[in-house]
Amino acid sequence: MKAVQVTHAGGPLEVVERPIPEPGAGEVRIKVEACGICHSDAFVKEGAFPGIQYPRIPGHEIIGFIDAIGDGVHTFKPGQRVGVGWHGGHCFHCEACRAGDFVNCSNEKIAGISYDGGYAEYMVAPEEALAHVPEALNSAEAAPLLCAGVTTFNALRHADATAGDTVAILGIGGLGHLAVQYARKMGMRTVALSHGPEKKSQAYELGAHDFIDTSKQNPATALQSMGGARIILATAPNSAAISAAIGGLGRNGRLIVVGVDGEPIDVSPLQLISGRHEVRGWPSGTAKDSEETLEFSALFDVTPKIETYPLEKAAQAYERMISNKARFRVVLVPGQ
Ligand SMILES: NC(=O)c1ccc[n+]([C@@H]2O[C@H](COP(=O)([O-])OP(=O)(O)OC[C@H]3O[C@@H](n4cnc5c(N)ncnc54)[C@H](OP(=O)(O)O)[C@@H]3O)[C@@H](O)[C@H]2O)c1
Ligand SMILES: [Zn+2]
């Protein structure tokens, strides 16, 4: 099969021929229809995640058809269309799993990190990582929902915000452009924080009620002039940009961090205490969360805006994402 691998940390995305993998017990083989390129694939490319063994095929926004199953697979059958996201499997035995809290499994597997992912014609995944995909969704458009979608949908639906609350989305990229659509469709007053006239008109098209241009306005002051945000969902992988927005939280406001930067976020105790603010992070979600994301997206017409590329152009496609040129998610489509 054709696949795209990172041979060593910091190396390029290389197109290679690999044997078609065989599913082991409890696993299925998926013929990949589409795989989104997430900013978190940079962890694999640059070796910035602990324990990655190379060569590794990245990719954790996968949609495909099951074409073979291993022993002991009971819930899924060949021919079914499924999705796989970041949360690529759990152990069922640790304390978190025994409490049904699979996303906090202490032996969590991550698709495209712990095992080879979706930048390939075929991949193998454990049964518990599979989400059913509603028929109404097109495979290439559904793929980004498996990470960018579930992460923002899940963070927002557990955010303790309600209809009419102000939700600010910081960074309008792969995650952010879906977060704007979800916040709007969940009934929240949706404010996009980005920069430039192009992103401004795109943010309004996606459903934002307001736009704050962070290159021209102080985001904290601008949000306060709107009454303060109940939630700031930070998708920008930049701690300085996140720190600059925290002052925009209203009383009891909560910062939810999903974007990853190596630098610390600056927040003063007085700021937290006087506003009764909270800061928390959010990891993506389980296969069940992905199914609920896919169903909500089909029902409420939340659709990722995508650019598609064949596997052979993976390096070029990744470059579109990492240089913030993609509008808004790059998706690899084998055989395109
Ligand atoms: N928590 C989780 O479970 C989870 C899941 C998926 C991804 N992530 C992380 O979330 C982040 C976003 O992922 P993505 O796939 O949406 O990335 P993306 O498509 O590259 O979008 C990121 C957006 O953030 C803004 N941005 C990028 N670089 C920036 C910088 N240096 N300073 C300020 N803003 C910057 C840009 O938006 P503007 O042009 O609008 O400023 C950009 O479009 C990444 O760090 C990724 O690793 C976390
Ligand atoms: Zn991701």
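**View 1. Six strands side by side in an open sheet.** In this view, 6 strands line up in the order S10-S9-S8-S11-S12-S13 to form an open sheet with parallel pairing. Strands (E, at least two residues) and helices (H or I, at least four) are DSSP runs numbered from the N terminus, and two strands pair if DSSP finds at least two bridges between them. Strand S10 (210-213) and strand S13 (278-281) are the edge strands, each pairing on one side only. On average, neighbouring strands of this sheet are turned by 20° against each other, direction ignored. As background, strands of a sheet pair through backbone hydrogen bonds, either parallel or antiparallel.

The structure is a predicted model, in which local features need pLDDT of at least 70, side-chain atom pairs count only at pLDDT 80 or more, and totals for chains, interfaces and linings use all residues. To find your way around, remember that residues are numbered from 1 along each chain as its sequence is written, while chains are lettered from A and ligands numbered from 1 in the order in which they are written.

View 2. Strand S9 (residues 189-194) runs parallel to S10 and is joined to it by 4 bridges. Look for Ser-194, which stands opposite Asp-213 in S10. Helix H5 packs on the sheet, where it touches strand S8 (166-170), S9 and strand S11 (229-234). The direction of H5 makes about 170° with that of S8. Such angles run from 0 to 180 degrees between N-to-C directions, and axes are lines fitted to C-alpha atoms, for helices over the stretch in contact.

**View 3. The surroundings of ligand 1.** Which residues are the closest to ligand 1? They are His-39, Gly-171, Gly-173, Ser-194 and Asn-238, out of 28 residues that surround the ligand. Here a residue is near a molecule if its C-beta atom, placed from the backbone, lies within 6 Å of it. Helix H4 (148-157) and helix H5 (174-185) are the elements that give two or more residues to this shell. H5 has the largest share, with 3 residues. Sorted by class, the shell has 13 nonpolar, 14 polar and 1 charged residues. In this sorting, Ala, Val, Leu, Ile, Met, Phe, Trp, Tyr, Cys and Pro count as nonpolar, Asp, Glu, Lys and Arg as charged, and the others, Gly among them, as polar. Ligand 1 lies between domain 1 and domain 2, because both give residues to the shell around it.

**View 4. Two helices crossing.** H4 and helix H10 (residues 287-300) pack at an angle of about 90°, and their axes are 9 Å apart. This makes H4 roughly perpendicular to H10; angles of 65 to 115 degrees count as roughly perpendicular, under 35 as roughly parallel, over 145 as roughly antiparallel and the rest as oblique. From H4, Gly-149, Val-150, Phe-153 and Asn-154 meet Asp-289, Ser-290, Thr-293, Phe-296 and Ser-297 in H10. By class, 3 nonpolar, 5 polar and 1 charged residues make up this contact.

View 5. S4 and S5 pair in the antiparallel sense over 4 bridges, and Ile-62 stands opposite Val-84 in S5. S5 also runs antiparallel to strand S7 (residues 131-132), with 2 bridges between them; Val-82 has His-132 in S7 as its bridge partner. The peptide bond from Tyr-54 to Pro-55 is cis, with omega near -5°, and Pro-55 sits in the loop between helix H1 (41-46) and strand S4 (62-69). In the loop between strand S5 (81-84) and helix H2 (95-98) you will find Phe-92, whose phi is near 70°, a positive value in a residue other than glycine.

Methods:
Domains from an automatic or database assignment. Contact = placed C-beta atoms within 7 Å.
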